[in-house]
Amino acid sequence: MNVDRVRAIEGVMAYNHLKDKLKPFFQQFAESGKAISAEDIKAHFAKMRGDEQGMKDASAAAKDPDNRREQGGY
């Protein structure tokens, strides 16, 4: 499969942009030593998309970070 140069560069730029958006989010968990939950990740991506309900959920979670639930097992 060949990808032209422009598409390859755009892909790298998109990856770097996403990495820059996600690094601070994950960094806060790394620095605090707290586990990240599926709800944390879902809320963050909803906030990134501009999903209004996701932003409300993320805001509520930020106000009470110890109110976490574990993801169900497989």
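## A walk through the helices

Helix 1 passes helix 2 in a right-handed crossing. A crossing gets that name if the near helix is turned clockwise from the far one by less than a right angle, and it is left-handed if the turn is anticlockwise. The contact (heavy atoms within 4.5 Å) is made by Leu 18, Lys 21, Leu 22, Phe 25 and Phe 29 of helix 1, together with Asp 40, Ile 41, His 44, Phe 45 and Met 48 of helix 2. Seven of these residues are nonpolar, one is polar and two are charged. Here Ala, Val, Leu, Ile, Met, Phe, Trp, Tyr, Cys and Pro count as nonpolar, Asp, Glu, Lys and Arg as charged, and the others, Gly among them, as polar.

Before we go on, a word about the model. It is predicted, so local features need pLDDT of at least 70 and side-chain atom pairs count only at pLDDT 80 or more, while totals for chains, interfaces and linings use all residues. Residues are numbered from 1 along each chain as its sequence is written, and side-chain values use heavy atoms, leaving out hydrogens and water.

How can we describe two packed helices? We give the angle between their axes and the distance between the axes. For helix 1 (residues 5-32) and helix 2 (residues 38-49), the angle is about 145° and the axes are 12 Å apart. The axes are lines fitted to C-alpha atoms over the stretch in contact, and angles run from 0 to 180 degrees between N-to-C directions. In total, the chain has three helices and zero strands; these are DSSP runs, numbered from the N terminus (helices: H or I, at least four residues; strands: E, at least two).

Now look at His 44, which is found in helix 2. His 44 counts as buried because its relative accessibility is 14%; buried means under 20% relative accessible area, exposed over 50%, and partly exposed in between, using a 1.4 Å probe and protein chains only. Leaving aside neighbours within four places in sequence, His 44 is in contact with Lys 21, Leu 22 and Phe 25.

Phe 25 leads us to the aromatic rings. Phe 25 is buried, at 9% relative accessible area, and Phe 29 is buried too, at 10%. Their ring centres lie 5.4 Å apart with the planes at 75°, so the pair is edge-to-face. Rings of Phe, Tyr and Trp (its six-membered ring) pair if their centres lie within 6.5 Å; planes under 30 degrees apart are stacked, over 60 edge-to-face, and the rest tilted. Phe 25, Phe 26 and Phe 29 form one aromatic cluster.
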